[in-house]
Amino acid sequence: MKLFIAAIGTETNTFSPIPTGWAAYREDLFVRRDGSLTSPHWFAGPLRVWRRAAESGGHEVIESVAAFAQPAGPTRARVWAEMRQMVLDDLDAAGTPDMVLLNLHGAMVAEGEDDCEGDLASAIRARLPGVVIGVELDLHCHISDRLVAAADIVVTYKEYPHTDVDARAADVYRLAAATRSGAIRPAVAVIDCRMLAVWRTPREPVRSLVDAMSAAEGQGGVLSVSFAHGFPWADVPDVGARVIAIADGDPALADRTARAFQQRIWDLRFKTRDTLLTLNDAIGRTLAPEPGLTIFADVCDNAGAGTSSDATFLLSALVEARARNVLTGLFWDPVAVRLCFEAGEGSRLPLRIGGKVGPFSGQPVDLDVTVRALAPEASQTYGTGRQAMGDAALVSADGIDVALISLRTQTFHPDAFAALGADIRAYRSVYVKSAQHFSAGFAPVAERILYVSAGGAADPDFERIALPRAGRPLWPLVEDPFAGN
Ligand SMILES: [Zn+2]
């Protein structure tokens, strides 16, 4: 058996002012061939899983592009055209593979192409009408008809934080291989939830929902159930949550299964809705801290949703309120990092922090800081892989410690701060720029986690979001998106 694999991902926030070009891929993950053998990047994880599975079965593996860019604005048209062509060229050179497995994000938008995943999968399908195509997606994806028509198997992550990237890759391999051998005949159904929301899977009642999805798999002909949460900060026609069910040879069962989960998700909508603190609430709770460590998540400025990670709304309020014993980060500010490295550890200097990329960043904050620590080419844990942070600096000013990085990324893990000698347990309040992924590493250490809405390019107040291209009513923009249909 000849297996062809590739991975291309980014999550496009169409409201982000940050363009995504070649540099964004090259500095995060771009390997032309065989990246699974050379890169520890988490997005190459499925390639590693697929390669291991195939090679242990004595099969041949042909690996094309492995690419990931930190979420931001749309990928430049030329970059998408070139990357797409690399995969197709490799496919043509591979002859006729028996199986094609793609690790894609699902919310990648390029200039002139709203649905990069559907574009790539349908181009492969056109070349190889009989091949088995399996696709793994982030659950923050847009599911297009074109993608589902092109692929035999579509599976999304189940967990947010995404702790099951490699486990879902194993599912894709197993189902695709069984399809190829004729052991199963996958029928795929997709039901549109017509919802915009954030679902946190460690918390009830979402936890039980995800467990029920897993429990349904393997029962009575149901092969796979995915809940694609969607990625709301994208004004594209396929924006919004969907349920995907795959049943063995039974389209009606797939449809019934997907509809049942869609109904359950809809019925839970008020219970699964986020409780967010306002900026003033967050500052108040920082000034009068409860016992133990509190993590405040700056959800609106999450680089993982394409924001600048240099928004200062919370930092400037903390400074103004004279908050103490606070650690905050990661601020993407390559200029400030450069000044800190030039000044050296232990030095004092006036430093202008953040507020640079666009209106969602707020105003820069000027502080007299001491440079506490410098870490060249730092990285942090994400899942089973590493996420680079570029050069990093920790600066202190009157009881507020700020972690600065030169390569934009959200705060995934406490070891991002530990790389700078900062132990989060030494603080009462830690502010992280992340919406949910941080919780995998921070929850075991924290007494409580609070989510704060303080401004930025990933504002989770979906009643205000403008999505004129969505093409259908979506909750909570309307109370009942199914009224009249
Ligand atoms: Zn995601």
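Is His-162 buried or exposed? His-162 is buried, with a relative accessible area of 4%. Buried here means under 20% relative accessible area, exposed means over 50%, and partly exposed is in between, with a 1.4 Å probe and protein chains only.

Some ground rules. This is a predicted model, where local features need pLDDT of at least 70, side-chain atom pairs count only at pLDDT 80 or more, and totals for chains, interfaces and linings use all residues. Residues are numbered from 1 along each chain as its sequence is written, and side-chain values use heavy atoms, with hydrogens and water left out.

Asp-138 sits in the loop between strand S5 (132–137) and helix H6 (145–150), and His-162 in the loop between strand S6 (153–156) and helix H7 (165–181), so the pair ties together parts 24 residues apart in sequence. Helices (H or I, at least four residues) and strands (E, at least two) are DSSP runs, numbered from the N terminus. Asp-138 is buried too, at 3% relative accessible area.

On to packing. The largest nonpolar core has 80 residues. Such a core is a set of buried Ala, Val, Leu, Ile, Met, Phe, Trp, Tyr and Cys residues joined through side-chain atoms within 4.5 Å. Helix H7 gives the most to this core, with seven residues. Among the residues with the most contacts inside it are Leu-3, Trp-50 and Phe-417. Leu-3 touches residues including Trp-50, Leu-101 and Tyr-173, not counting residues up to four places away in sequence. Contact means heavy atoms within 4.5 Å. A second, separate core of 43 residues includes Trp-80 and Cys-141.

Last stop, Thr-312. Where is Thr-312 found? In the loop between strand S11 (294–298) and helix H11 (313–320). Thr-312 is buried, with a relative accessible area of 1%. Among the residues that Thr-312 touches are Phe-331, Gly-354 and Gln-363, again not counting those up to four places away in sequence.
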